[in-house]
Amino acid sequence: DYYRALDTYLVASRIEGGPLSIVESWATGVPLITTNMGMAPDIAVDGTNAVVCPIEDATGLAGALIRVAGDAALRDAIVAGGKISVAPHHWPRLAERHLREVYAPSLALLGLDPGLR
């Protein structure tokens, strides 16, 4: 509910491991503006699913907010791109991937059946 109350989600972090708010904004259809830190360089694509700004670029972040607020086509494009980009981060998909890529090979090394079919 809180995300849906937003016009835009701005991640202005300089250092961060995630942030999870990137995928949360995508999942809720909120346009995303983020600095290029944490996992953002791996999953956020400027103009496709977010507007990406350099770290510590306050002028760039402010300009991105103005651009997104005034450009409905850009806003719609990054929302649509975010809805596509969030799919691989859905917990059941992540759990299946971890089972297949991490746990099953480990169990197989121990001679145990991972139960995957």
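1. First, the ground rules. This is a predicted model, so to speak: local features need pLDDT of at least 70, side-chain atom pairs count only at pLDDT 80 or more, and totals for chains, interfaces and linings use all residues. Residues are numbered from 1 along each chain as its sequence is written, and side-chain values use heavy atoms, with hydrogens and water left out.

2. The overall layout. The protein has five helices and three strands, and from the N terminus on they run β-α-β-α-β-α-α-α. The radius of gyration (taken over C-alpha atoms) is 18 Å, well over the 13 Å that the globule rule (2.2 Å times the number of residues to the power 0.38) gives for 117 residues, so the protein is more spread out than a compact globule. Along the principal axes, the C-alpha trace spans about 60 × 25 × 25 Å. Helices here are DSSP runs of H or I with at least four residues, strands are runs of E with at least two, and both are numbered from the N terminus.

3. Of the 117 residues, 32% are buried, where buried means under 20% relative accessible area, exposed means over 50%, and partly exposed is in between (1.4 Å probe, protein chains only). The accessible surface comes to about 7,300 Å², and 58% of that belongs to carbon and sulfur atoms; the areas come from the Shrake-Rupley method with a 1.4 Å probe, and for residues only the protein chains shown count as cover.

4. Have a look at Ser 21, in helix H1 (residues 21–28). Ser 21 counts as buried because its relative accessibility is 9%. Leaving aside neighbours within four places in sequence, Ser 21 is in contact (heavy atoms within 4.5 Å) with Tyr 3, Tyr 9 and Val 11.

5. Val 86 sits in the loop between helix H4 (72–85) and helix H5 (91–109). Not counting residues up to four places away in sequence, Val 86 touches Val 23, Trp 26 and Ala 27. Asn 49 is 37 residues from Val 86 in sequence and 9.6 Å from Val 86 in space, C-alpha to C-alpha.

6. Finally, Glu 56, in the loop between strand S3 (51–53) and helix H3 (58–70). Most residues other than glycine have a negative phi. Glu 56 has a positive phi of about 65° although it is not a glycine. Glu 56 is exposed, with a relative accessible area of 61%.
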